[in-house]
Amino acid sequence: MTALAPYVEYARKAFAREATYRIELLAEIGSLALRVYLLRALWTALYTHNVAPMGLPLHSMITYATVAMLMSLVLEVDGTRVIREKLREGGIAVDLMKPIVVPFAYFSDGVGQTLVHALAILPSLLISLMLVRIDVPPAATLVVFFFSFALGYGVNFFVNFLLNGIAFWTLETFGLQLIVRWISDLLSGQILPLAFFPGWLGRAVFALPFAAIYSTPLLVFIGIIPPRQWATALAIQGAWLAATAAASYLLWRAAARRIVVQGG
Amino acid sequence: MAKSAGVPLIVTRELRKVFRSAKRSPGPLGALRGLFAPVYEDRVAVAGVSMEIERGELVGYIGPNGAGKSTTIKMLTGILVPSGGELAVAGIVPHRKRRENARNIGVVFGQRTQLYWDLPLVDSFELLRAIYGIPADRYRRSLDAFVELLEMGDFLRTPVRQLSLGQRMRGDFAAAMLHEPPILYLDEPTIGLDVVAKEAIRTFVERVNREQGTTVILTTHDLADVERLCRRIVLIDRGRIIFDGPIDRIKNEYGRERTLVVRFTEPTSAPAIPGARLEASDGITARFVFDRASQRADRLVREVSERYSVEDIAIEEPELEGIIRHIYTQGYTGEVRSA
C-alpha cells in the first residue's frame with residue numbers, strides 16, 4: 001500500500017485546499033435548492049402542454065432531472081482543471097521532477113476535490129429532496145446506480161483528461177473546452193434523456209462515451225434499464241472506462257516525449 | 001547513486017537540444033496559414049555541452065538570458081528529452097528513468113514555487129513525506145533541523161500565500177532538501193530577495209554542501225551568489241560552454257587590469273600618469289586603468305602624488321560581475337578548460 005501513499009496524500013491535500021474556498025462552497029450549497037426547484041417547475045410546465053414524450057411520466061422526468069443535477073455537482077468538479085493550469089503556468093515541470101506518476105497524482109487531486117463538494121452538498125441535498133419529491137428506487141437499484149455513477153465518474157475524468165491533454169500541443173484549450181463541455185452536457189444525457197434525440201442522432205448518442213457518464217446511471221435510477229440489462233449496461237460503461245483510460249495513457253506517453261515547459 | 005567512486009556524479013557529452021516550433025506568419029491571415037501549412041523553425045538551445053561534475057562540488061552554471069542554462073538543467077532533471085548527445089546523473093539517464101532520477105535530486109526555482117499556495121507551509125512538507133516515503137522519525141528529524149536552520153518556526157502553519165518572498169523561498173529550500181537528495185539544482189534561488197534573505201539562503205546552501213556533501217548546481221544572474229559560494233564556474237553562451245574552471249582563473253585572465261581611483265584637492269583637467277590609461281575623469285575624480293603585470297601600483301601612486309595635489313587614492317580589484325559583463329559583450333578569448 002506504500003506505493004499508493006503519495007496519491008492518497010494528494011487527494012487529502014486537494015481536499016484541504018478545496019475546503020479553504022469557503023465562499024465558493026457556500027454559494028454552491030445555496031444555489032442547489034433553488035436549481036432543483038426551478039427544474040421541477042420547468043418540467044412541470046413543459047408537461048402540462050404536451051403528452052409525456054417517450055412515454056416517460058412527469059414524476060420520472062423530474063426524478064431524472066433532479067438526480068442529473070445532483071450528479072453534476074460532483075461531476076462538474078473539474079479535477080483535470082489542474083492539468084490545464086499547470087501547463088499554462090509551467091507548474092507541471094515541478095511535478096515531473098517528483099518520483100510520481102503525474103496523471104495518477106492529478107486524478108487523486110480530482111478525487112479529493114470531488115469529496116469536498118460531495119460532502120458539502122449533503123445538507124442541501126436533504127433540503128432539496130424535501131422540496132421536490134423524487135421516486136426513490138429499491139436498495140438493489142440504488143447500489144447498482146452508485147456503482148454505475150462511479151464508472152461514469154471515471155469516464156468523465158478521462159474524457160476531460162484527453163481534452164486537457166490537447167493543451168500539451170496547443171497550450172490553450174479554453175475555447176475547445178467550452179464547445180466540448182457543451183456537447184458533452186447535451187450528449188451525456190445531463191440536460192435531456194438521450195431517448196429524446198430523434199432518429200439516427202438518437203441511435204448515435206448511445207454509441208458515444210458521453211452516454212456512459214450521465215445517461216446509464218440515470219436510466220438505472222429511474223428503472224428504464226431493468227435489472228436483467230444491468231450487467232450489459234455496466235459492461236459497456238466499463239469498456240468506455242478502459243478505452244478512455246487507455247487513450248489517456250497513450251496521450252500522456254506521447255505528450256511526455258514532447259513536453260515544452262513554458263518559459264526558460 | 002553512482003556505483004563506482006571513479007565516475008563523476010554528473011556527466012554530459014555533446015548534449016544537444018533543438019526546439020522546433022511553428023513559425024507564425026504575420027498579418028490577419030497568418031494564423032490561418034499557420035494552421036494549414038505550418039512553417040517550422042528550429043532553435044538550437046543547447047549546442048553540444050560536455051561537462052563532468054564530481055560528487056560534493058558546488059558549481060555555478062552561468063550565462064546570459066537564453067544561453068541554454070535552464071534547458072540543460074531540465075535535461076538533467078529528466079523532464080526534457082535531449083536531441084542528441086549523452087548524459088548520466090548518478091549513473092541514470094534522467095529522461096529514461098525520470099522517477100528514479102527524481103529521487104536523487106532536489107530542485108529550487110526562484111520564480112516558481114512547489115508549495116501549496118492555499119495551505120499552511122507544513123502541508124506541503126507532509127505531501128513530500130508521502131511522495132518520497134520518508135519514515136516518520138527521519139521526517140521529524142529533518143523537519144526540525146530545517147525549521148531551526150531556516151528559522152521557519154514562526155510561519156510553519158501559515159498559508160503559503162501569506163508568506164513573504166524570503167519566507168517562501170526558505171520553505172522551498174526545505175521542500176527541496178527534505179528527502180536529503182545527493183544533488184541539488186538551484187535556478188535563480190535568490191531572485192528578488194533582500195540582502196538579509198539572500199544571505200540566509202547562501203549560508204544554507206553552503207552548509208548543506210559542506211555538511212551533507214550535497215552536490216549543487218547553481219544557475220543565477222546574481223554573480224555575488226556565485227562569488228560567495230562557488231569555486232568552479234561553467235560559463236555558457238549560445239548553447240556552448242565558453243569557460244569551465246576555477247573562478248580564480250577567469251579572474252586572473254581578465255582581472256589583470258586594476259583601476260586606480262584618484263581624488264584631487266582642486267579641479268584638474270586631463271590628468272595623466274605614464275603607464276596607466278585614463279578611463280574617466282570629471283575634473284575632481286579620475287579613474288586610471290593599468291595592467292598589474294607590467295606596472296607596479298606603488299610606483300603609480302607615487303607618480304600621481306608627485307604630479308598633482310591629491311586628496312585620496314584607492315585601487316579597485318575587478319569584480320566577477322564586471323568580468324562576466326565584459327565576456328558577454330566582448331566574447332571570451334581564453335582557453336575553455338585548464339589543462
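A quick definition to start: a residue counts as buried if 20 or more other C-beta atoms lie within 10 Å of its own. Keep in mind that this is a predicted model.

With that cut-off in hand, turn to helix 2 of chain B, which covers residues 69–77. Its buried residues are Lys69(B), Ser70(B), Thr71(B), Thr72(B), Ile73(B), Lys74(B), Met75(B), Leu76(B) and Thr77(B). That is 9 of the 9 residues, so helix 2 of chain B is largely enclosed by the rest of the structure.

Now for chain A. Helix 2 (residues 22–48) and helix 6 (residues 102–131) of chain A pack with their axes 9 Å apart, at an angle of about 25°. Because angles under 35 degrees count as roughly parallel, helix 2 of chain A is roughly parallel to helix 6 of chain A. Their crossing is right-handed. On the helix 2 side of chain A, the contact residues include Leu25(A), Ile29(A) and Tyr37(A), while helix 6 of chain A brings His117(A), Pro123(A) and Leu131(A), among others.

Chain A also touches chain B, through 22 residues of chain A and 24 residues of chain B. Helix 1 (5–19) and helix 5 (91–96) of chain A are the elements giving two or more residues to chain A's side. Helix 1 of chain A has the largest share, 7 residues.

Here is how the two contacts split by class:

| Contact | Nonpolar | Polar | Charged |
|---|---|---|---|
| Helix 2 of chain A with helix 6 of chain A | 11 residues | 3 residues | 1 residue |

How values were computed:
Residues are numbered from 1 along each chain as its sequence is written. Chains are lettered from A and ligands numbered from 1 in the order in which they are written. This is a predicted model: local features need pLDDT of at least 70, side-chain atom pairs count only at pLDDT 80 or more; totals for chains, interfaces and linings use all residues. Axes are lines fitted to C-alpha atoms, for helices over the stretch in contact, and angles run from 0 to 180 degrees between N-to-C directions. Helices (H or I, at least four residues) and strands (E, at least two) are DSSP runs, numbered from the N terminus. Angles under 35 degrees count as roughly parallel, over 145 as roughly antiparallel, 65 to 115 as roughly perpendicular and the rest as oblique. A crossing is left-handed if the near helix is turned anticlockwise from the far one by less than a right angle, and right-handed if clockwise. Two residues are in contact if their C-beta atoms, placed from the backbone, lie within 7 Å. Ala, Val, Leu, Ile, Met, Phe, Trp, Tyr, Cys and Pro count as nonpolar, Asp, Glu, Lys and Arg as charged, and the others, Gly among them, as polar. A residue is buried if 20 or more other C-beta atoms lie within 10 Å of its own, exposed if 12 or fewer, and partly exposed in between; C-beta atoms are placed from the backbone.
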